[in-house]
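Take a look at the model below. Then read on for a short tour of one residue and its surroundings.

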Amino acid sequence: QVQLVESGGGLVQPGGSLRPSCAASGSIFSIAAMEWHRQAPGKQRELVATIAIGGRTNYADSVKGRFTISRDSAKKTVYLQMNSLKPEDTAVYYCRRSGTNDWGQGTQVTVSS
């Protein structure tokens with residue numbers, strides 16, 4: 001149905017910022033809510049943030065106030081602005097179209113000195 005490609009991860013020091021992107025390819029004829037998830041080694045994948053069709057956003061308590069999810073519909077891209085990063089934010093970050101099995105391949109975020 002759609003291909004999602006994450007980019008923009010990397011290595012950052014504690015307190016730093018990153019802004020991963022999730023770009024969709026192919027035609028999308030119905031707008032869907034989007035999600036960011038993350039998975040650390042040996043741990044379960046967890047939902048980090050969601051953005052609804054109408055723009056309402058929700059965040060996991062662990063990232064609330066530090067992360068912001070946004071969307072550029074013209075570019076078919078969703079973003080995750082991550083500020084005040086902590087070592088425990090280290091994970092592979094994945095995007096997903098809500099209610100589907102359309103996942104990206106993930107982008108690595110490492111927070112370390």
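This report covers an arginine, its partners and the sheet around it.

The model is predicted, so local features need pLDDT of at least 70 and side-chain atom pairs count only at pLDDT 80 or more, while totals for chains, interfaces and linings use all residues. Residues are numbered from 1 along each chain as its sequence is written, and side-chain values use heavy atoms, with hydrogens and water left out.

**The sheet**

An open sheet is built from 6 strands in the order E2-E10-E9-E4-E5-E6, with mixed pairing. Strand E2 (10-12) and strand E6 (57-59) stand at the edges. Each has a single partner strand, so one side of each lacks a neighbour in the sheet. From one strand to the next, the twist averages 25°. Strands here (E, at least two residues) are DSSP runs, numbered from the N terminus. Two strands pair if DSSP finds at least two bridges between them. Strand E9 (residues 91-97) and strand E10 (residues 107-111) pair in the antiparallel sense over 3 bridges. Val92 stands opposite Gln108 in E10.

Arg38 lies in strand E4 (residues 34-39). Is Arg38 buried or exposed? Its relative accessibility is 6%, so Arg38 counts as buried. Buried means under 20% relative accessible area, exposed over 50%, and partly exposed in between (1.4 Å probe, protein chains only). Glu46 is partly exposed, at 33%.

| Partner of Arg38 | Link | Distance |
|---|---|---|
| Glu46 | salt bridge | 2.7 Å |
| Asp89 | salt bridge | 2.9 Å |
| Tyr93 | polar contact | 3.0 Å |
| Ser62 | polar contact | 3.4 Å |

A salt bridge is a side-chain nitrogen of Lys or Arg within 4 Å of a carboxyl oxygen of Asp or Glu. A polar contact is a pair of N or O atoms within 3.5 Å; within protein, one must be able to donate a hydrogen and the other to accept it, and residues adjacent in sequence count only if both atoms are side-chain atoms.

**Salt bridges**

The count comes to 6 salt bridges. Arg38 forms one of them with Asp89. This pair links distant parts of the chain, 51 residues apart: Arg38 is in strand E4, and Asp89 is in the loop between strand E8 (77-82) and E9. Arg38 and Asp89 are buried. Salt bridges with shared partners join Arg38, Glu46, Arg66 and Asp89 into one network. Asp102 and Arg97 also meet in a salt bridge, at 3.6 Å (N to O). Both Asp102 and Arg97 are buried.

Methods
Helix = DSSP H or I, 4+ residues; strand = E, 2+ residues; numbered from the N terminus. Axes fitted to C-alpha atoms, helices over the stretch in contact; angles between N-to-C directions.
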